[in-house]
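Subject: Structure for your files

Dear colleague,

Here is the structure I said I would pass on. My notes on it come after the sequence and coordinates.

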Amino acid sequence: MEEEDTRDIVIVGAGISGLSTAVGLHRLGISSMVLESSDMLRATGFAFTTWFNAWKAMEALGISEHIRSLHDRLQGWVVGPISAGNPSREMLFPESEEYESRCVQRKLLLEALADELPQGTIRFSSKVVHIELSGHYKMVHLSDGTILKTKVLVGCDGVNSVVGKWLGFKNPATTARLAIRGLTHFPAGHGFGSKFFQFYGNGVRSGFIPCDHNTVYWFLTHTSAELDEDTNPENIKEFVLKKIKDLPENIKSVVETTDLDSVVMSRLKYRPPWELLWANIAKYNVCVAGDALHPMTPDIGQGGCSAMEDGVILARCLGEAIKAKNVKGETEDDEDESYKRIEEGLKKYAGERKWRSIDLITTAYTVGFIQQSTGKWMSLFRDKFLSSFLSRLLLKKSHFDCGSLVP
């Protein structure tokens, strides 16, 4: 059994929140180690829509211009029913930065974040199996027998977070809905322009979003019992085509031309918002961020965006706590003072993220319930009155500025 040198900060999970936190700390001159259980960066879900809050976070992390150069800006929405016979509605976005939206490929975002980190920051094939306290330190046990000793432990390890469970979080609640996602590449161009196409009804919500001139990301969420999580990709693809059979041919062609290895399906999960009222987001200089903190349904497009918010705010709070020793002229032996400062920094982070997380989880679940309702009166109410309201609500929830890394 090997025990490595002490690490000031260990981050579990090289996803959006984990890498955002590591890059934020690096920008502040603070090193960290990122543990990733797989042998490479994992871009589950293919892509996600970025809104105002995500761009503010990317600007703070110094990657916004690079990501902008790889993705087209969306000009607006086209929203309509998934059944035939009813017209769609179109809403154009103003040109201001408050309405900037792009469909960002997760793989490109993760690579951009990883490229900002010093070589060796990310340790792959490092699965955490056990955590224990040792005074002011946390002993992180890996599956290969390695033990890492760290002052600060950050759990960014997704919905089934090992760190979250150690803090006392319950498993996320499972919904009756499944999400199918795909990514399609058109070598000669897709011809969709730069609009987000969204269709709903009959227990289904589906979207088709251009990432750039050649790439389209699509999704479909449903409550059907026809499929289970073990269904093979070919049957999943056939199921989607059946559900969107009344949509225009150019929309259906996106799914038809998707390679089977670019189709995935997963059960939608969320953290009951009331759990966060009394949960330990931070304790013993251990905390959680991203899906480990606030797993939510994708109905307002805030999972990835809020994960970047977490990273910037957490890096800032930790940076304030760690840098404070230079002001006070403390020595390396002042471990009690250092521990208390970091503890207060993490409490500040938890306080800033609690109500934001509760708000986003609750809104996402409510919007998903309304959009996928199959009841006659709910469907009529949604189709006639709620389309524009829900669009404005989504934009309102994205209007959040996480601030810079330095207060």
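This is a predicted model: local features need pLDDT of at least 70, side-chain atom pairs count only at pLDDT 80 or more; totals for chains, interfaces and linings use all residues.

Residues are numbered from 1 along each chain as its sequence is written, and side-chain values use heavy atoms, with hydrogens and water left out.

Overall

The protein has 11 helices and 17 strands; these are DSSP runs numbered from the N terminus, helices being H or I with at least four residues and strands E with at least two. Its radius of gyration is 22 Å, close to the 22 Å that the globule rule gives for 407 residues, so the protein is as compact as a globular protein of that length. That radius is taken over C-alpha atoms, and the globule rule is 2.2 Å times the number of residues to the power 0.38. The C-alpha trace spans about 75 × 45 × 45 Å along the principal axes.

Of the 407 residues, 56% count as buried (under 20% relative accessible area, with exposed over 50% and partly exposed in between, for a 1.4 Å probe and protein chains only). Among contacts (heavy atoms within 4.5 Å) with a separation of 6 or more, 75% come from residues 24 or more positions apart.

Helix H1 covers residues 16-27, and its 12 residues reach 16 Å from the first C-alpha to the last, close to the 16 Å expected at 1.5 Å a residue. The expected span is 1.5 Å times one less than the number of residues. H1 is mostly covered, with 10 of its 12 residues buried. The buried residues include Ile16, Leu19, Ala22, Val23 and Leu25. Glycine 29, with a positive phi near 80°, follows H1.

Helix H2 (residues 52-61) is largely enclosed by the rest of the structure, because nine of its 10 residues are buried. Among them are Phe52, Trp55, Met58 and Leu61, and also Asn53 and Lys56. H2 is followed by glycine 62, where phi is positive, near 85°.

Valine 34 lies in strand S2 (residues 33-35) and, at 0% relative accessibility, counts as buried. Not counting residues up to four places away in sequence, valine 34 touches Ile11, Gly13, Ala14, Leu19, Ala22, Thr121, Ile122 and Arg123. Its C-alpha is 9.1 Å from that of glycine 120, which is 86 residues away along the chain.

Threonine 49 is in strand S3 (residues 47-50) and is buried at 9% relative accessibility. Leaving aside neighbours within four places in sequence, its contacts are Leu74, Ser101, Arg102, Cys103, Phe196, Ile209, Gly301 and Cys305.

Most residues other than glycine have a negative phi. Phenylalanine 46 has a positive phi, near 70°. This residue sits in the loop between S2 and S3 and is buried, at 17% relative accessibility. Serine 125 also has a positive phi, near 55°. Serine 125 is in the loop between strand S7 (122-123) and strand S8 (128-134), and is partly exposed, with a relative accessible area of 43%.

The H6/H7 pair

Helix H6 (residues 233-243) packs with helix H7 (residues 249-256) at an angle of about 170°, the axes being 10 Å apart. Axes are lines fitted to C-alpha atoms, for helices over the stretch in contact, and angles run from 0 to 180 degrees between N-to-C directions. Lys237, Val240 and Leu241 of H6 make the contact with Lys252, Val255 and Glu256 of H7. These contact residues divide into three nonpolar, no polar and three charged. Ala, Val, Leu, Ile, Met, Phe, Trp, Tyr, Cys and Pro count as nonpolar, Asp, Glu, Lys and Arg as charged, and the others, Gly among them, as polar.

Valine 240 of H6 counts as buried at 1% relative accessibility. Not counting residues up to four places away in sequence, valine 240 touches Ile180, Trp218, Leu220 and Val255. The C-alpha atoms of valine 240 and alanine 289 are separated by 33 Å, with the two residues 49 apart along the chain.

Regards
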